[in-house]
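Keep the structure open as you read.

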Amino acid sequence: MFDLQSLVRKNIWQLEPYSCARDEFKGVTASAYLDANENPFNNSINRYPDPLQEKLKQVIAPIKDVPVQNIFLGNGSDEAIDLVYRIFCNPGVDNVVAIAPTYGMYQVCADINDVYYRTVNLDQNYQTTASQVLQACDKRTKVVWICSPNNPTGNNIDREVMTSIIEKFHGIVVVDEAYSDFSSQRPLRLDLQKYPNLIVLNTLSKAWAGAAIRLGMAFASTDIIALFNKVKYPYNVNKLSQEKAIELLRNQSDFRQHLVMVLEERERLIHALSSLPICKKIYPSDANFFLMKVTDANAIYRYLVDQGIIVRNRTRVTLCENCLRITVGTKPENAALLSALIKYKG
């Protein structure tokens, strides 16, 4: 039996959240707002934004096929990541388990919150098993982190492995699906009702081309979403970001067109780069980037910088020696990368 209260920090469960002015009336049409000490002169940004982003959630819900009450919105996915630690992990006492390599912010937030971060190394195909992950857990493990498609490896983690972990682990499992729009695998956010201990992360930064507005999403049970809303800062997503997010989400034709172009360019670029002498291996990708093992990542990275082309050197990351992470760009950007690497004489 899943017991949410036993996982939540005692002080958080008992927390009386800050009540902002806009939380204290609902369903009322007001003619004068004299409650929040705002400047009364309307310039479109003189009022505080909706603290729960209700209008934006109404747009997101049918697109993501997740009910409004199961959606949390934050200042990037990083806010949701940090909130997981603040809600569930007692500093200096609890620990979390994550696969390695993976997205670096899970460990950064663990360090900030003084939570011990355990890793389970992936195999040569960047996969793991449920038993390996579960064996790394103990009675003080509150959270398991899984990024799928994973970053920086680009591949989906086996779905049966993830569901097995979710079903067998008695704590919180966070599956980060930031790159799921580029993948053909069924998103786990669609199965929230099966798993009360599951939190799924999403973002507008990748496929929706909204990195600058810092809009992250977390999908979970209503009880977990209530905890997120309890602990978050009152006006965590500003009005301009909310409005721009609605604009992006309503332009689904551009989204679909760009998604197709990225996937086509990904395959074209992988095929072209695979034939180069510097390329040792390109790992399968379900994202808008891929990981390429090369002859000398440091030298090739410096060479590309000199050419004005910036990729990500991941050679110091666990299991990524001599690997470059390459984001799929526009056709001209990809052509410039390929041309530069063809000319490389290192």
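Q: At roughly what angle do the axes of helix α4 and helix α8 cross?
A: This is a predicted model, where local features need pLDDT of at least 70, side-chain atom pairs count only at pLDDT 80 or more, and totals for chains, interfaces and linings use all residues. Residues are numbered from 1 along each chain as its sequence is written, and side-chain values use heavy atoms, leaving out hydrogens and water. Helices are DSSP runs of H or I, at least four residues, and strands are runs of E, at least two, numbered from the N terminus. The axes (lines fitted to C-alpha atoms over the stretch in contact, angles from 0 to 180 degrees between N-to-C directions) of α4 (residues 76-88) and α8 (residues 222-231) come within 10 Å and cross at roughly 95°.

Q: Which residues of α8 make the contact with α4?
A: Contact means heavy atoms within 4.5 Å. From α4 come Ala-80, Leu-83, Val-84, Arg-86 and Ile-87; from α8 come Leu-227, Phe-228 and Val-231.

Q: Over which ring does the charged end of Arg-86 sit?
A: A charge sits over a ring if NZ of Lys or CZ of Arg is within 6 Å of the ring centre and within 35 degrees of the ring normal. For Arg-86, the distance is 5.5 Å from the centre, and the ring is that of Tyr-233.

Q: Is Asp-191 buried or exposed?
A: Asp-191 is in the loop between β5 (172-176) and β6 (198-203). Buried means under 20% relative accessible area, exposed over 50%, partly exposed in between (1.4 Å probe, protein chains only). Its relative accessibility is 6%, so Asp-191 counts as buried.
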